[in-house]
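Hi,

Here is the model I said I would pass on. Have a look at it first, and my notes follow below.

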Amino acid sequence: MIRSEILREIAPILNPHLVVCNIGLPSQELHMIDDNERNFYMLGTMGLSSSIGLGLALAQDKTVISIDGDGSVLTNLGTLPTIANNVANNYILLIIDNGSYGSTGDQPTYAGKKTKLENVATACGCENVVVCQDVDTGAALQAAIDSKQMTIIVSKCDSGNIKLPVITKDPVVIRDRFMTAVAS
């Protein structure tokens, strides 16, 4: 499976929750699959989905799911010790690890070579780190939601992108409707 297939499969699980989605193609794919006011699409901040999601989880009680890629987590590696040291049991970080920088042309990442993000997360102090294969992502995500414990999921999948248009919604509209969903 590639990332867009995983997103299509988990969209019904994501739907009732607040979702902060990684920059570029992951946001475009989620927008195409299930655009709604509870999705916050990152339009220009690579590596910050996990940081923004954690901050949101710490600030309120609703479940927050950050969707990030291995390349983005490697870009903001400081996010993992920050998450480990600021436990929010309403927070889930789903790392879709395709071993590539998917939005910029599928250049290989170090996660596709020797670096294992699950080991990095554990070494940083994250207590609930789950590794799954692409086809098991939905079950792993639902189990994390049901556990009500902060969880890092690393979903291993194939590299690859679908062709789709950019998100044309004004970023202010995306922000405002998301803030309304957070407050409701």
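The largest pocket holds about 190 Å³ of space. A pocket here is an open set of points on a 1 Å grid over the protein atoms alone, where a 1.4 Å probe fits, with protein on both sides within 12 Å along at least five of seven lines; lining residues have an atom within 4 Å of a point. Points are joined across faces, edges and corners, and the volume is the space filled by probe spheres set on them.

Its lining has 16 residues, with Asn22, Ser72, Tyr101, Gly102 and Ser103 closest to the centre. Helix H4 (70-75) and strand E5 (100-101) are the elements that each give two or more residues, and H4 has the largest share with three. (Helices, H or I of at least four residues, and strands, E of at least two, are DSSP runs numbered from the N terminus.)

Before you go further: this is a predicted model, where local features need pLDDT of at least 70 and side-chain atom pairs pLDDT 80 or more, while totals for chains, interfaces and linings use all residues. Residues are numbered from 1 along each chain as its sequence is written, and side-chain values use heavy atoms, leaving out hydrogens and water.

The other spot is Gln60, in the loop between helix H3 (49-59) and strand E3 (64-69). Gln60 counts as buried because its relative accessibility is 16%, under the 20% cut-off (1.4 Å probe, protein chains only). Its side chain reaches the backbone oxygen of Leu56 at 3.1 Å. Beyond neighbours within four places in sequence, Gln60 is in contact (heavy atoms within 4.5 Å) with Leu18, Asn90 and Val182.

Cheers

Definitions and conventions: Buried < 20%, exposed > 50% of the residue type's maximum accessible area, 1.4 Å probe, protein only. Polar contact = N/O pair within 3.5 Å; in protein donor to acceptor, adjacent residues only side chain to side chain.
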